[in-house]
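Me: Hi! I have a model open and would like to talk it through with you. Could you help me read it?

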2 protein chains.
Amino acid sequence: MKLYDWNGAPNPRRAVIFIKEKGLDIPLIDVGVKGALLSDDYLASGAQGLVPTLELDDGTRIGEAMAICRYLESLYPEPPLMGIDALDRARVDMWERRADMEGIGAVGELFRNSHPAFAGRGLPGRTERIEQIPELIARGRARMGWFFDKFDAQIGNNEFVTGERFTVADITALCVTDFALSACKVEIPEACGNFRRWHQEVSARASAKPSNNTNER
Amino acid sequence: MKLYDWNGAPNPRRAVIFIKEKGLDIPLIDVGVKGALLSDDYLASGAQGLVPTLELDDGTRIGEAMAICRYLESLYPEPPLMGIDALDRARVDMWERRADMEGIGAVGELFRNSHPAFAGRGLPGRTERIEQIPELIARGRARMGWFFDKFDAQIGNNEFVTGERFTVADITALCVTDFALSACKVEIPEACGNFRRWHQEVSARASAKPSNNTNER
């Protein structure tokens, strides 16, 4: 297996952290090139213009971060990162979806519509020109605030997003947050003390450290 | 158990069709009220202003359509609607996510930003005034076209989205399509013959028929 990554982008990082938490040795292939683009080879390979993609040894490809995580969770159940019983799995899935829709949705809207390198590329995964929409910058910033508030309330006094176990809900929320902080000049509000404490703790995990990606090959 | 529904909305319909395909007898509680709003009681109940919500007999609530489906799939595995082995589960999850992000994302953008009843309510799940953004109407319409093209190619000669079995990927794609057709004056492009054939076939299933919801109580 190998994982096609775009070093620094929040979506592939979800799969990268998952792989590290499982202790798996899966090569990471960086398909990003200058100008914040994916390489022509990768785009031509039928990967739908999106990362991450997990490629199996027989060439089968799995796209979408959570589909990749679910596949690896089946093959390598320990440690469980997607819940331990029916209700826990539902809770993890619910909060992971919220981190995705409300967090990655927000930061993507803010970033894609404001960064000069993404002029004419207002949505991922397409080759047509898609204009940036300036109104989405302020809306994306407001949504980030709602994301912090909602997750701050959910975390409460818990160690992790869904309770006492680190899961994919933490992974997605972490990828949202780090990208918002590093690429969008967003800060975690002072009032979100639970979230700030949580962010400090999960950021200390070995899986949260930067990767040493292989160049594309 | 009971399911809080908003009759006609595409997101809760994902859970409703799933429940019918499983042959489960779970009461559907319609929490929509006039003016295309959710009822005050429901909004005050901590359901995050979103439907569907599955409420268990002990009061525990599960939000997000796919989290609800996953919970019910664990409890009632037959017939399997989320894949039958690790790779199949990943494939179903991948295509369900795409139907969600690229289909529901598109039709939601188109609908929320164009329908007069949603003026000042440009995003779901919030009580703040969120202005409609007229540029998102054309963008949402374009995204719908890309959704049809991508799923038409994926369906190909298969009976269903991921092959020979009806799954949640079909459910989400059906809910996207029916809502686009009925509420947004979108048509499935003539060129998407696989998609048109698929849509006709899945629409004939008993689970696709309108529900008899109970009023809120």
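Me: Let's start with helix H7 of chain A: which residues are buried there?
Reply: In H7, residues 193-203 of chain A, the buried ones are A:Phe195, A:Trp198, A:His199 and A:Val202. Buried here means 20 or more other C-beta atoms within 10 Å of the residue's own, exposed means 12 or fewer, and partly exposed is in between, with C-beta atoms placed from the backbone. Helices (H or I, at least four residues) and strands (E, at least two) are DSSP runs, numbered from the N terminus.

Me: Why do those four end up on the same side of H7(A)?
Reply: Because they cover an arc of only 100 degrees around the axis. That arc is taken over the directions from the helix axis to the C-beta atoms. On the other side of H7(A), A:Gly193 and A:Gln200 are exposed.

Me: And what do the buried residues of H7(A) pack against?
Reply: They pack against H5 and helix H6 (168-183) of chain A.

Me: Before I go on, how far can I trust this?
Reply: This is a predicted model: local features need pLDDT of at least 70, side-chain atom pairs count only at pLDDT 80 or more, and totals for chains, interfaces and linings use all residues. Residues are numbered from 1 along each chain as its sequence is written, while chains are lettered from A and ligands numbered from 1 in the order in which they are written. The model scores are ipTM 0.93 and pTM 0.95.

Me: Which element of chain A has the lowest mean pLDDT?
Reply: Strand E7 (residues 214-215), at 57, whereas H7(A) has the highest, 98. Where pLDDT is low, the predicted coordinates should not be read in detail.

Me: Switching topic: how is chain A divided into domains?
Reply: Domain 1 is 2-80 + 211-215 and domain 2 is 86-207, with bounds from an automatic or database domain assignment. Their centres, taken over C-alpha atoms, are separated by 19 Å. In chain A, 15 residues of domain 1 are in contact with 17 of domain 2, where contact means C-beta atoms, placed from the backbone, within 7 Å.

Me: Which elements give two or more residues to the domain 1 side?
Reply: Helix H1 (10-21) and H3 of chain A do. H1(A) has the largest share, 8 residues.

Me: Now the two chains. How many residues are in contact?
Reply: 21 residues of chain A with 21 of chain B. On the chain A side, strand E6 (61-63) and helices H3 (65-75), H4 (86-112) and H5 (135-155) each supply at least two residues. H4(A) gives the most, 8 residues.

Me: How do the two copies relate?
Reply: Chain A can be laid on chain B by a turn of 180 degrees and a shift of 0.0 Å along the axis, with an RMSD of 0.0 Å. That is the relation of a two-fold axis. The superposition is by least squares on C-alpha atoms of residues with pLDDT of at least 70 in both.

Me: Last one: where is A:Glu64, and is it buried or exposed?
Reply: A:Glu64 is in the loop between E6 and H3 of chain A. A:Glu64 is buried, with 25 other C-beta atoms within 10 Å. Leaving aside neighbours within four places in sequence, A:Glu64 is in contact with B:Asp93, B:Met94, B:Arg97 and B:Arg98.

Definitions and conventions. Two residues are in contact if their C-beta atoms, placed from the backbone, lie within 7 Å. pLDDT is the predictor's confidence in each residue, from 0 to 100.
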